[in-house]
Amino acid sequence: MAAPSSAAPAPRHSCAKLSVAVEDPKAASAGGGAVFVRATWLPTRFSLAVTDGAGAWVADASEAEVRLRAEQWDQPVGEYLALAERYLAFQQPDSTYSFHDAGKGNRRLSWTFERQGTKLEWRWKLQQSPNTQQTISEILDFLMDANIRLSEEVVRKTQSFDRLKQEADKCLQQSERFNTEKAEFEQATFLKFVAVLNSKKAKLRQLRDKVAELESANKPPKEEEEENSTDRTELFEEGSDEEASINDEPSETGSGDLHSSPEKSAGISRGRGRGHKRAKK
């Protein structure tokens with residue numbers, strides 16, 4: 001069973017207003033220097049319908065004719081059709097268009113282009129439409145439909161732009177609100193930090209004062225102990241001086257004997273004892 005063939009690509013349609021050179025200057029001054037070209041593009045052929053508002057002409061380029069023209073210009077068929085669509089779907093500013101009489105009511109549409117630095121010209125002969133009014137009506141209908149589609153597209157784009165603008169305004173308002181809240185939060189946090197820092201400083205001052213009080217409370221006992229130690233040293237030195245003075249006194253015999261009597265020795269011993277007791281007090 002043969003596989004189903006792929007669907008043929010849908011034809012493309014275009015309609016362009018082309019400024020063309022005319023043979024009759026009076027027609028040009030009357031606004032006859034423009035034509036509307038409606039084209040239908042297929043993968044291997046195309047068709048044209050042209051009107052200047054008064055008459056209508058058509059051309060149906062068959063697949064064989066297109067292939068022959070492409071061979072004459074050493075081009076593939078696809079490239080030939082793409083170049084023709086480029087110049088007939090949109091007016092190219094670097095091209096010269098003309099729409100001249102070809103005899104027997106026919107017309108010849110031509111346009112120029114450059115290829116490898118050489119200016120070339122393509123021509124297609126169009127026959128007078130068998131039904132001029134219908135051809136003009138089809139072109140006008142296509143233009144009206146295209147205008148409606150463009151208008152709808154403009155409306156959609158405008159609505160989308162308005163929605164985007166509203167979203168942008170909302171985002172801007174949210175951003176401003178976030179900035180305000182951020183500033184308020186930072187201010188509140190800073191105030192709390194300052195309050196905590198001040199309380200810590202106050203606590204440190206209290207602890208420092210308590211330490212100073214404890215040091216001052218413990219300091220007097222040490223000084224009293226040092227004073228008592230100094231008093232004991234002085235008493236001991238006084239007792240030593242008295243003993244030295246007793247030993248240095250001369251004897252009753254006047255002989256200057258340094259040895260004392262037993263009574264004096266006992267008195268000296270009693271004096272020492274009293275000196276030691278004072279030191280212990």
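**Entry 1: S110**

I looked up S110 and found its place in strand 6, residues 106-115; helices (H or I, at least four residues) and strands (E, at least two) are DSSP runs, numbered from the N terminus. The model is predicted, so I noted that local features need pLDDT of at least 70 and side-chain atom pairs count only at pLDDT 80 or more, while totals for chains, interfaces and linings use all residues. Residues are numbered from 1 along each chain as its sequence is written, and side-chain values use heavy atoms, with hydrogens and water left out.

Is S110 buried or exposed? S110 counts as buried because its relative accessibility is 3%, where buried means under 20% relative accessible area, exposed over 50% and partly exposed in between, with a 1.4 Å probe and protein chains only.

I then checked the polar contacts of its side chain, and S110 makes one with the side chain of S98 at 2.2 Å and another with the side chain of E121 at 3.1 Å. A polar contact is a pair of N or O atoms within 3.5 Å; within protein, one must be able to donate a hydrogen and the other to accept it, and residues adjacent in sequence count only if both atoms are side-chain atoms. When residues up to four places away in sequence are not counted, S110 touches T96, Y97, S98, E121, W122 and R123, contact meaning heavy atoms within 4.5 Å.

I found V20 in the loop between strand 1 (12-19) and helix 1 (25-32), and V20 is buried because its relative accessible area is 10%. Apart from neighbours within four places in sequence, V20 is in contact with G33, A34, V35, Y97, S98 and F99.

T51 is in strand 3, residues 46-51, and it counts as buried because its relative accessibility is 4%. A polar atom of the T51 side chain lies 2.7 Å from the backbone oxygen of G55. With neighbours within four places in sequence left aside, the contacts of T51 are V35, F36, A56, I136 and I139.

**Entry 2: The nonpolar core**

How many residues does the largest nonpolar core have? I found 29 residues in it, and those with the most contacts inside it are L18, F46, L48, F99, W111 and L126. Helix 3 (residues 77-89) gives the largest share of this core, six residues. A nonpolar core is a set of buried Ala, Val, Leu, Ile, Met, Phe, Trp, Tyr and Cys residues joined through side-chain atoms within 4.5 Å.

**Entry 3: P130**

P130 sits in the loop between strand 7 (118-128) and helix 4, and P130 counts as exposed because its relative accessibility is 83%. I noted that P130 and W57 are 73 residues apart in sequence, yet 8.5 Å apart in space, C-alpha to C-alpha.

**Entry 4: Salt bridges**

Side chains of opposite charge can pair when their charged atoms come close. I read that the structure holds seven salt bridges, a salt bridge being a side-chain nitrogen of Lys or Arg within 4 Å of a carboxyl oxygen of Asp or Glu.

One of them joins the side chains of R12 and E85 at 2.7 Å, N to O. This pair links distant parts of the chain, with R12 in strand 1 and E85 in helix 3, 73 residues apart. R12 is partly exposed because its relative accessible area is 43%.

In helix 4, K157 and E153 lie four residues apart, about one turn of the helix, and they form a salt bridge whose closest N and O atoms are 3.7 Å apart. K157 is exposed at 54% relative accessible area, whereas E153 counts as partly exposed at 30%. I also noted a network of salt bridges that links E153, R156 and K157.

E186 and K182 also both lie in helix 4, four residues apart, and the closest N and O atoms of their salt bridge are 2.7 Å apart. E186 is partly exposed at 42%, and K182 counts as partly exposed at 48%.
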